Amino acid sequence: MKFLTTSVLALTIAAPALAATDKAEVIDTYADIAQAGYEDSLTTAKALQEAVAALVAEPSEETLAAAREAWLASRNPYQQTEVFRFGNPIVDDWEGKVNAWPLDEGLIDYVDETYGGATDENPFAASNVIANSTLELAGAEVDASEITPELIADTLNEADGIETNVARGYHAIEFLLWGQDLNGTEHGAGERPYTDYVTGDACTGGNCDRRADYLTAATDLLVSDLEEMAANWAEGGAAREAVSENADQGIVMMLTGMGSLSYGEQAGERMRLGLMLNDPEEEHDCFSDNTHNSHFYDGKGIQNVYLGQYERVDGSVVSGPSLSDLVAETSGDLDTEMKAKLDATMVALGEIKTAAEGGFSYDQMLEAGNEKGEALIMGGVDGLIDQTRTIERIVTALELEDMEFEGSDSLDNPNAVFQ
């Protein structure tokens, strides 16, 4: 979900710095990394598509597990592309199609009775399109007898302008593969049975054929959305041309993406807010308990952009002239500081990842009074905030203009979180 918060990190400096490194080449590297990241996201989404087709064709413990593994694998390259948001309007306008969260999952499928029903904020929060071939949305009757990508994209997603009516993207698919995580701050992810996709008398949850249709349509839609963005970063693509149009503005776009993801989005909305609320519903990948990887690869994406290198899913590396090169020519000490802070952040995010993979899940870290969990999460938050301060100093050193980073109430105005 996009969190449009007031920036607290506004900087306005004068003319561009002079340096031997060609800024246009730095931007070319940036665009090459973006293209590779979205192509990898597309490749792994197509593998997910195949795994979903296998699950739908022959539901079993094995095919469900394979589909889940394919979903998890698809997240790693995608999360590394989130650094291209914020500074790039083409990406930011598109991002909600594939990664919007949190979502009111009752719009899509059955939920536990503790979930509740419609609310004043969202009268469609428990509409359950999978169980209903006809729905009333925004005062109009909707024919949902056939679940298609078009129905999901054009009618259900953000129905009536409500952002939590997320009907498409990674998290809708995640919910359909795992189901709700009803463990609270205890260890454990969602436990949807494979029999939710078995047709006939063995079907659990009801409407197994429609559930399969929804999962298939949502996955097909994800693939088409990623095809769109991969094309935007290819040679001649709109996103590549936009960032390349003006060298100084291109560098601003790069740093805006780094600073906004680092500060307001990841440190604030994705990490600090959940800890303040002690709420596992604030996890980014809440159904699968994959949030530790989500955070890790977001951080890795920021580091990739600064260093001008990205390791693709096939093991090859995309690299070239970088922001690091540009900064080093202005101030070697500042470049060293930035690289050290990025490394420190990745160590802190890596500690969260290691702990979660060792059985101390992110849900448990969020529990009120869990000092070990709080220390792990705040280690990541502090690292992200600290590296943002150095990004600010880079903006000053490069004498760039008109830059704003995304903010977050959880960092800038904590009292507002509880109002």
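Buried here means under 20% relative accessible area, exposed means over 50%, and partly exposed is in between, with a 1.4 Å probe and protein chains only. Helices (H or I, at least four residues) and strands (E, at least two) are DSSP runs, numbered from the N terminus.

A word on the source: this is a predicted model, in which local features need pLDDT of at least 70 and side-chain atom pairs count only at pLDDT 80 or more, while totals for chains, interfaces and linings use all residues. Residues are numbered from 1 along each chain as its sequence is written, and side-chain values use heavy atoms, with hydrogens and water left out.

Back to H5. Its buried residues include His 171, Glu 174 and Trp 178, and they pack against H1, H2, H3 and helix H6 (208-233); contact means heavy atoms within 4.5 Å. Just after H5, Gly 179 takes a positive phi of about 75°.

Now the core. A nonpolar core is a set of buried Ala, Val, Leu, Ile, Met, Phe, Trp, Tyr and Cys residues joined through side-chain atoms within 4.5 Å. The largest one has 115 residues, and those touching the most other members are Phe 84, Leu 177, Tyr 214, Trp 233, Ile 251, Leu 255 and Leu 323. Helix H1 (residues 23-57) gives the most to this core, with 14 residues. Leaving aside residues up to four places away in sequence, Leu 323 touches Val 26, Ile 251, Met 254, Leu 255, Met 258, Val 305 and Tyr 306.

Two helix pairs are worth a look side by side. Axes are lines fitted to C-alpha atoms, for helices over the stretch in contact, and angles run from 0 to 180 degrees between N-to-C directions.

| Helix pair | Angle | Axes apart |
|---|---|---|
| H2 (residues 61-79) and H3 (residues 89-99) | about 165° | 14 Å |
| H8 (residues 247-277) and H9 (residues 291-307) | about 165° | 10 Å |

That makes H8 roughly antiparallel to H9, and H2 and H3 are roughly antiparallel to each other too. The labels work like this: under 35 degrees is roughly parallel, over 145 roughly antiparallel, 65 to 115 roughly perpendicular and the rest oblique. H2 passes H3 in a left-handed crossing, and H8 passes H9 in a left-handed crossing. A crossing is left-handed if the near helix is turned anticlockwise from the far one by less than a right angle, and right-handed if clockwise.

On the residue level, Arg 75, Tyr 78 and Gln 79 in H2 meet Trp 94, Glu 95, Val 98 and Asn 99 in H3. By class, that contact has three nonpolar, two polar and two charged residues. Between H8 and H9, the residues that meet include Met 254, Met 258 and Arg 270 in H8, and Asp 298, Val 305 and Tyr 306 in H9. This contact has seven nonpolar, four polar and two charged residues. Ala, Val, Leu, Ile, Met, Phe, Trp, Tyr, Cys and Pro count as nonpolar, Asp, Glu, Lys and Arg as charged, and the others, Gly among them, as polar.

Most residues other than glycine have a negative phi, and most peptide bonds are trans. The bond from Trp 101 to Pro 102 is cis, with omega near -15°, and Pro 102 sits in the loop between H3 and strand E2 (134-137). Asn 128 lies in the loop between H3 and E2 and has a positive phi of about 50°; Asn 128 is buried, at 14% relative accessible area. Glu 399, in the loop between helix H13 (371-397) and strand E6 (403-405), has a positive phi near 55° and is partly exposed at 36%.
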